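Please open the model in a viewer and keep the sequence panel at hand.

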Amino acid sequence: MTEKFVAAIDQGTTSSRCIIFDQAGAIVAVDQREHRQIFPKPGWVEHDATEIWSKVQAVVAGALAKAGMRADQLSALGITNQRETTVLWDRATGKPVHNAIVWQDTRTSALCAQLGAEDGQDRFRNATGLPLASYFSGPKAAWLLDNVPGLRARAERGEIAFGTIDSWLIWNLTGATDGGVHVTDVTNASRTMLMNLETLQWDSSILAAMNVPEAILPEIRSSAEVYGTAVGQLAGVPVASALGDQQAAVFGQACYDTGTAKNTYGTGSFLLLNTGGRPVPSKSGLITTVGYKIGDQAPVYCLEGSIAITGALVQWFRDQLGLIRSSDEIETLAASVEDNGGAYIVPAFSGLFAPYWRSDARGVITGLTRYVTKAHLARAVLEATSWQTREVVDAMYQDSGVRITTLKVDGGMTVNRLLMQHQADVLGVPVIRPKVSETTCLGAAYAAGLATGVWSGLDELKAHWQRDVEWVPEMEAGPREREYENWRKAVERSLGWHEEDGA
């Protein structure tokens, strides 16, 4: 039998990667390139979508070269992407009409406040599972339509296309202005605040409320089906999956059973709990989202706790404060002291996401005394990730009644053993890292392979998952709860710092 290979493009917040996997789910080759972060104003974050497409083409070529493979040896291509980041482009020229507005960007806070003026932050929650927040794509599209001269008229004439990064890549991969396919999948669509969670279609009443014309929107498809065939360097390869990055990690971590959960530690951290075939409404500050949909099968839903700043806090400690030279130094520095010295860092740089959804919050360092050194602050940086995760886990229990018994973890920060041990300690459950840590790409590859017959079904994929390292709790309950209370006091200090212009 001829060995089959599947490629996955992971277009992330800071870089793009292409990974080629074999039929056992093992990595054959990887290529990765960073792209620019553009900060026009405080709280504004943009990307150049043209640059992103260029970097994606480069990493595809790089991965194929490293593997010593031709494109025609690939059975399928999957896409996974930074979610909520919003691109509008001209259908005739293929050029973006503005830089992409990144998920971290807060410029739509005032618009979200206006939309919720009468009904509050939960105005669209029943339909979409989402609170009104600057995080999501719909308000970003509305902002562009209102602020780029002449754009709304062009959009209403059908000249403009809207997409999250998956749509932008699929359109370019399948021909762009020459027959490019304009689609998105249910996971990415569920993050726009424009899709109805029950019907899995665009919600006309919300489109009207946000003044977003339906003519610009992509067709919503499942997460695993052949959307079209690639042209150019991947000519002939089926483009066969799309999943938002966190849902892709759920799929790559084999969280296919109700009650299974994973946390991905990247720029931010995202904890998802599989809640099965029905969306579970949240009353505890979580997001109800689509986990995945395989072809014609029923969708699977998740509760999600989105944490804005985790790995980015280490970058801030390195780049803005200059207290370490490389990110991996933080573990050694933090391990040189036994505890945080009473210091806590709440990284609300652009507000707090789950479970608070407070755009008025800003970052604080509390508990400082002359005793505190940069080593204690390094420890507080790492512990901020663990405590934010604990708050999300508690909220998930409140909403679902499901107690997490283990937490599967992935992402760059999982190489930090001190952090992973502290995470197990504050949750009181084992934390498990799989052998293949690139679960986001793996999930996209798995979905594309299911759509093209490379793999037979979820049972085969489950059998591929293997444990690498497990951290078990070592902290006693008393100290854990005392420190948790201190953390929550620190969070309280972060609230109410920022007022919108004109407030």
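A residue is called buried when its relative accessible area is under 20%, and exposed when that area is over 50%. The structure on display is a predicted model.

**First stop: Q246 and its helix**

Select Q246, which belongs to helix α9 (residues 245–252). Is Q246 buried or exposed? Its relative accessibility is 4%, so Q246 counts as buried. Display side chains here: that of Q246 makes a polar contact of 3.3 Å with the side chain of D245. Beyond its sequence neighbours up to four places away, Q246 touches R83, K262, T264, F270 and L272.

Just after α9, A254 takes a positive phi of about 60 degrees.

Helix α9 lies across β15, β16, β17 and β21, and runs at about 130 degrees to β15.

**Second stop: the sheet**

Select the seven strands of the open sheet, whose order is β17-β18-β16-β15-β21-β22-β23 and whose pairing is mixed. Which strands form the edges? They are β17 (287–292) and β23 (467–471), each of which pairs on one side only. From one strand to the next, the twist averages 30 degrees.

Within this sheet, select β16 (residues 269–276). Strand β16 is mostly covered, with eight of its eight residues buried. On one side, strand β15 (residues 261–265) runs antiparallel to β16 and is joined to it by five bridges. T264 and F270 are bridge partners in this pairing, and three residues lie between the two strands of the hairpin that β15 and β16 form. Both T264 and F270 were listed above among the residues that Q246 touches.

Strand β16 also pairs with β18 (residues 300–307), in the antiparallel sense and over seven bridges. To locate this pairing, select L271 together with G305, its bridge partner in β18.

β15 and β21 pair in the parallel sense over three bridges, and K262 stands opposite K408 of β21. K262 is likewise one of the contacts of Q246.

Select Y135, found in the loop between α3 (125–128) and α4 (137–147). With a relative accessibility of 1%, Y135 counts as buried. Which residues beyond four places in sequence are in contact with Y135? They are R83, E84, W103, K140, R191, F270, I287, E304, S306, F353 and W357. A polar contact of 3.4 Å joins the side chains of Y135 and R83.

Y135 and V183 are 48 residues apart in sequence, and their C-alpha atoms are 21 Å apart in space.

Select helix α16 (residues 477–494). At 1.5 Å a residue, its 18 residues should span 26 Å, and the end C-alpha atoms are 26 Å apart, which agrees. Where do its buried residues lie? Colour R480, Y484, W487, A490, V491 and S494, which are buried, and look down the helix axis. These buried residues fall within an arc of 115 degrees, so they line one face of α16.

Show what surrounds the buried face. The buried residues of α16 pack against β19 (344–346), β20 (364–366), α12 (374–400) and α13 (417–427). Following α16 is G496, with a positive phi near 80 degrees.

**Last stop: the β2–β3 hairpin**

Finally, select strands β2 (residues 15–21) and β3 (residues 27–34). The two strands pair in the antiparallel sense over seven bridges, and S15 stands opposite E34 in β3. Five residues separate β2 from β3 in this hairpin, and G25 in the turn has a positive phi of about 80 degrees.

How values were computed: Residues numbered from 1 in each chain as written. Predicted model: local features only at pLDDT ≥ 70, side-chain atom pairs only at ≥ 80, totals over all residues. Heavy atoms only, no water. Buried < 20%, exposed > 50% of the residue type's maximum accessible area, 1.4 Å probe, protein only. Helix = DSSP H or I, 4+ residues; strand = E, 2+ residues; numbered from the N terminus. Pairing = 2+ DSSP bridges. Polar contact = N/O pair within 3.5 Å; in protein donor to acceptor, adjacent residues only side chain to side chain. Contact = heavy atoms within 4.5 Å. Expected span 1.5 Å × (residues − 1). Arc of directions from axis to C-beta. Axes fitted to C-alpha atoms, helices over the stretch in contact; angles between N-to-C directions.
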